[in-house]
Amino acid sequence: MLSIHTILKRSRVNGPGTSFVVWLQGCIHACPGCCNTAACVRKPGRLLVEPDELIRQVLAERPDCLSFSGGEPFLQARELAQVAGAVRAAGIGVLAWSGYEYEDLLASRNPWQRELLARLDILISGPYLQDVPQREIWAGSGNQRTLFFGSRFADWQARIAGRGHIECTILQDGSGVVTGFGSFSTP
Ligand code: SF4
């Protein structure tokens with residue numbers, strides 16, 4: 001069972017093209033200035049979803065990319081590896097953020113963390129450091145690296161420099177979700 005904080009079925013600022021975004025519940029990194037502390041608490045998330053149900057929802061939406069955010073997605077690597085494998089088999093790309101560095105995931109003693117890593121098209125790795133200015137559109141701080149694996153999103157490599165964008169989505173129940181990697185301040 002996946003412990004999930006929030007699902008946003010369609011976004012244009014959380015990955016290449018259209019993304020189905022899943023914010024996982026729980027994180028261990030405790031980055032000062034984290035903008036999603038509600039998703040960091042290690043408690044059951046607002047949504048408890050079986051991997052098969054998440055796969056069904058993603059396939060119904062047919063996004064360009066499934067994006068795992070958080071929280072720390074790699075704390076639920078076993079279930080997410082299952083989801084990633086199924087949606088990639090259906091031709092949908094997979095992206096994940098992680099507070100772990102890429103090299104640490106590659107050498108992880110948890111085989112599911114290595115398996116999830118192997119099923120990604122894009123990894124944005126490293127902790128959020130609030131004093132390092134942003135330099136890539138999906139990375140909140142400039143120390144974080146956007147790593148592309150394989151050729152699926154290769155054309156995006158030349159398009160990730162600079163500040164990201166903020167997106168506000170009004171849901172069917174009237175509530176709103178504000179997300180993204182930009183700033184509300186004027187230049
Ligand atoms: S890894 Fe992400 S979610 Fe976790 S504390 Fe750092 S910024 Fe927040």
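Here is a quick tour of this structure, from its overall fold down to a few single residues.

**The fold at a glance**

Keep in mind that this is a predicted model. The protein has four helices and nine strands, and from the N terminus they come in the order β-β-β-α-β-α-β-α-α-β-β-β-β. Its radius of gyration is 15 Å, close to the 16 Å that the globule rule gives for 187 residues, so the protein is as compact as a globular protein of that length. Along the principal axes, the C-alpha atoms take up a box of roughly 45 × 45 × 35 Å. Of the 187 residues, 38% are buried. Now take the contacts with a separation of 6 or more: 66% of them are between residues 24 or more positions apart.

**The nonpolar core**

The largest nonpolar core holds 42 residues, and those with the most contacts inside it are Ala-84, Val-87, Val-94, Leu-116 and Leu-120. The top contributor is α2, which gives six residues.

**Helix α4**

Helix α4 spans residues 111–118, and its buried residues are Gln-113, Leu-116 and Leu-117. Looking down the axis of α4, you find these buried residues within an arc of 100°, so they line one face of the helix. What do they pack against? The buried residues of α4 pack against α2 (77–89), α3 (102–106) and β6 (122–125).

**Around the ligand**

The ligand is surrounded by 13 residues, and the closest are Cys-27, Cys-31, Cys-34, Gly-99 and Tyr-128. Sorted by class, this shell has seven nonpolar, five polar and one charged residues.

**A look at His-165**

His-165 sits in the loop between β7 (145–148) and β8 (166–170). Setting aside residues up to four places away in sequence, His-165 touches Val-13, Gly-180 and Gly-182. As for Gly-180, it is 15 residues from His-165 in sequence, and their C-alpha atoms are 5.6 Å apart in space.

Terms used: Residues are numbered from 1 along each chain as its sequence is written. This is a predicted model: local features need pLDDT of at least 70, side-chain atom pairs count only at pLDDT 80 or more; totals for chains, interfaces and linings use all residues. A residue is near a molecule or strand if its C-beta atom, placed from the backbone, lies within 6 Å of it. Ala, Val, Leu, Ile, Met, Phe, Trp, Tyr, Cys and Pro count as nonpolar, Asp, Glu, Lys and Arg as charged, and the others, Gly among them, as polar. Helices (H or I, at least four residues) and strands (E, at least two) are DSSP runs, numbered from the N terminus. The radius of gyration is taken over C-alpha atoms; the globule rule is 2.2 Å times the number of residues to the power 0.38. A residue is buried if 20 or more other C-beta atoms lie within 10 Å of its own, exposed if 12 or fewer, and partly exposed in between; C-beta atoms are placed from the backbone. Two residues are in contact if their C-beta atoms, placed from the backbone, lie within 7 Å. The arc is that of the directions from the helix axis to the C-beta atoms. A nonpolar core is a set of buried Ala, Val, Leu, Ile, Met, Phe, Trp, Tyr and Cys residues joined through C-beta atoms within 7 Å.
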